[in-house]
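Here are some exercises to work through with the model open beside you. Try each task before reading its solution.

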Amino acid sequence: MSVAALAEGTAGGRATAGSHGHEDLKRLVVAYGFWIFLISDIIMFAAFFATYAVLTDSTAGGPAGRDLFQIHTVAIETGCLLLSSFFCGLAMIGARFRKSLVFHGAMAVTFALGATFLWLEVHEFAHLVGEGAGPTRSGFLSAFFALIGCHGIHVTAGLLWLLTMMAQVIAKGYRVDILRRLLCFSLFWHTLDIIWVALFSLVYLVGVAR
Amino acid sequence: MSELAAADDDVPGGTAPGDEDSAYPTLGAAVRSYLIGLILATLLSGVSFYLARSTLVWAPSIPIALTVLAIAQMGVHLVFFLHITAGSESVNNLMALAFGLLIVMLLVFGSLWIMTHLNHNMLPMDAIMRMQR
């Protein structure tokens with residue numbers, strides 16, 4: 001057998017037998033790359049968090065965390081985000097088993113819970129600014145608004161992405177590339193919830209307990 | 001997707017983060033994983049919120065307890081929602097996460113360490129104001 005025929009044989013073999021493996025590999029590489037992005041996002045949050053931790057006591061005579069934080073609101077926010085993470089998982093199962101009702105229903109619930117979270121957060125920010133405890137009041141409040149606001153912006157982006165994914169599934173169906181994007185979206189959404197665990201525990205609860 | 005799961009062994013580098021196909025082949029098993037995660041996370045959150053307001057616990061220990069509970073809950077989220085486990089098939093995902101955590105620790109504890117020393121060695125604010133006058 002000539003070298004050319006051998007090369008053709010292996011190339012042909014890869015194209016036919018490996019088409020499935022290729023999609024598998026692509027899913028793996030894309031998800032891993034997105035995972036690396038999420039970890040770098042966590043590192044960015046750590047920088048904001050370090051700033052906040054350094055500035056917690058720099059209240060410049062203004063209100064501290066225990067005077068401002070409303071734990072009831074934070075508890076509802078936490079519940080919303082945790083449940084939305086759960087429903088996001090259900091949506092992914094719906095997509096995997098091609099159950100469109102489960103997928104769209106769970107995605108809609110995820111959106112509603114995420115939007116409720118965001119609404120409560122905007123409400124809290126407006127309340128703080130109204131009380132004269134806006135980000136310009138002290139170093140502590142600047143760091144607080146930057147940290148929590150950064151998470152809020154991520155949630156906003158996640159909600160827009162969620163709607164885009166619902167529309168893409170309706171328009172294009174459960175194609176391999178759409179499922180890959182869905183996997184990335186679910187990773188993003190679960191990671192936002194993990195970051196919120198750190199925020200509600202170490203910013204709000206420790207702030208109130210001090 | 002079931003044939004995709006079967007081909008998982010052929011892929012070098014194991015499973016993608018968040019992929020539950022190989023670990024939870026049936027719909028019921030997949031839902032159960034998320035349900036266990038939800039219950040555990042709710043419990044841990046509940047204990048955290050309770051501890052923050054409680055007077056039962058020695059007050060200085062509360063921040064440490066809250067930190068431990070938060071780390072535990074993040075672990076629950078990683079395992080049951082993101083499906084990052086210690087298994088050999090997801091070792092790449094875990095290594096990336098471990099490196100990320102190293103940077104996070106350096107960033108947070110390094111900043112706190114340096115800044116508390118600076119605060120400790122700095123003149124009180126009113127003394128600086130007096131010197132500027």
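Helices here are DSSP runs of H or I with at least four residues, and strands are runs of E with at least two, numbered from the N terminus. The model is predicted, so local features need pLDDT of at least 70 and side-chain atom pairs count only at pLDDT 80 or more, while totals for chains, interfaces and linings use all residues. Residues are numbered from 1 along each chain as its sequence is written, chains are lettered from A and ligands numbered from 1 in the order in which they are written, and side-chain values use heavy atoms, with hydrogens and water left out.

**Exercise 1. Describe the contact between chain B and chain A.**

Step 1: Count residues. Chain B gives 56 residues and chain A gives 49 residues.

Step 2: Take the buried area, which is the accessible area (1.4 Å probe) that two parts lose on being put together, summed over both. For chain B and chain A this is about 4500 Å², with 81% from carbon and sulfur atoms.

Step 3: Look for salt bridges (a side-chain nitrogen of Lys or Arg within 4 Å of a carboxyl oxygen of Asp or Glu). Between chain B and chain A the count is zero.

**Exercise 2. Classify the ring pair F34(A) and F37(A).**

Step 1: Recall the rule. Rings of Phe, Tyr and Trp (its six-membered ring) pair if their centres lie within 6.5 Å; planes under 30 degrees apart are stacked, over 60 edge-to-face, and the rest tilted. Over all chains, the whole structure has 20 aromatic pairs.

Step 2: Apply the rule. The ring centres of F34(A) and F37(A) are 5.4 Å apart and the planes stand at 45°, so this pair is tilted.

Step 3: Locate the pair. Both residues lie in helix α2 of chain A (residues 19-55), three residues apart, about one turn of the helix.

Step 4: F34(A) is buried at 15% relative accessibility, whereas F37(A), at 37%, is partly exposed.

How values were computed:
Contact means heavy atoms within 4.5 Å. Buried means under 20% relative accessible area, exposed over 50%, partly exposed in between (1.4 Å probe, protein chains only).
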